[in-house]
Amino acid sequence: MAIGTITISSGRKTAVDFTSPYHDLGRQFIVKKKEATPSPFRFLEPLSPIIWGYVALTLFLVSLVISLLNKMSPLDFHGGFIQNDHILNGDPRVTKRYLKAKKKNLEEMNFPNAMWLSIATLLQQGSQAFPRSVSGQVTSALWFLLALLVIATYTASLSASFTNSRMQREMNSIAELAMQTQVQYGALKGSSTIAFFDSSTNPVYRMISSFMKIHHTEVDSTEEGMERVREGGYAYIQGSTILQYEAQKPPCELRVVGKVFGKIRYGFALQKNSPFREELSTHITQLRERGFMDTSLQKWLNVPNGCSRDDQQENDALFRLDVAAVLGVLYIVYAGLGFSLTLLIVEWIHACATDTMRSTRLPHRPKTWMEAFQWRRKMLWHELIRDFGRRRLRISPSKPSH
């Protein structure tokens, strides 16, 4: 009787009898781990470059819209001060008090402050000022929604990458192993693995068989195969259980790669017509039903002071958020920007209607809705022109003195 990791195959059954299988497994391949080169910009990897671009673009657009709403809305800081306190209380003289109040309301939610609000939200920090108008608040709320999704995904993915993704991914399947040329691969000479590739009709397996024959990459023993793997540049194909056992041995420099393929079974080999075959098969079946075989397998696979299962298996790829995952939220944010402009129109209509309703008590107020609209538009336009002219004067070079 022969006891060991003997694969039950049709060819061997012509020479010996096999008991019922005591272990079911498949084939995988093992390679030497390649340490990843640390990147100083690894913190950017959880989001794809196009997502970073969309976040930056959306941050700029939201800040721009909030600052414009602040200037144009009669319910916001700047727009409310210029339109309400200025035109509705008459045309005040330019005094220090007026200029001080104007400057305060002008800078309350200007573009730099709106940009800071957007950045502080993305970094989960607070801000001293928030939009006062409904249109500005809607815009901010939609930006908060996008920031919440980006922050949650980024934090989870970055934490997982630092915890689990310490090795670079190279090959993750037998097909990728067959398609590459940098790493040679082989199996044990005369083994069932070689016979499996030789007899297979799968194009990938046929390619592997041809490669091993042309380059003579078969090995004479499993020890030789594992030694070549440790030297680097070589992948050894064998039964998954044997490879898992080898990968657990210190110094934990090997990893088992890919899903199990080519299912195989181990059994005890007996001489032809052996009287012990039926009895042994019965006992093996009983032991498997009681779970004894699985318990024994785990016992012998747990090498003392060996590598953890996470170290020996290929780590999952870093999850990277792409544009498809947040496209719906981006649609909502951009549609919300348009909706905020619609709310701005509603705010203007409401403010103009309020002006006409109060015209009976205050003679200087506009009498009709159109008159109120023209007054507000005129003062807002003059204020924008005045601000633009002041900025041009500030940045223009001084004239040389004669």
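Here is a quick look at a predicted protein model, from its overall makeup to one strand and the confidence scores.

## Ground rules

Residues count from 1 along each chain as its sequence is written, and side-chain values use heavy atoms, with hydrogens and water left out. Since the model is predicted, local features need pLDDT of at least 70 and side-chain atom pairs count only at pLDDT 80 or more, while totals for chains, interfaces and linings use all residues.

## Overall makeup

The protein has 16 helices and six strands (DSSP runs numbered from the N terminus: H or I of at least four residues, E of at least two). Of its 402 residues, 42% are buried (under 20% relative accessible area, 1.4 Å probe, protein chains only).

Take contacts (heavy atoms within 4.5 Å) between residues at least 6 apart in sequence: 77% of them link residues at least 24 apart.

## Strand S2

S2 (residues 23-32) has eight of its ten residues buried, so the rest of the structure largely encloses it.

S2 pairs (at least two DSSP bridges) with two strands, both antiparallel. With S5 (residues 254-266) there are eight bridges, and lysine 32 has leucine 254 as its bridge partner there. With S4 (residues 234-239) there are four bridges, and isoleucine 30 sits opposite tyrosine 236.

## Confidence

Mean pLDDT (the predictor's per-residue confidence, 0 to 100) is 77, and 75% of the residues score at least 70. Strand S3 (residues 184-186) is highest at 94, and helix H14 (residues 309-312) lowest at a mean of 48.

Residues 310-318 stay under 50, yet the model gives them 29 contacts beyond four places in sequence.

Conventions. Buried < 20%, exposed > 50% of the residue type's maximum accessible area, 1.4 Å probe, protein only.
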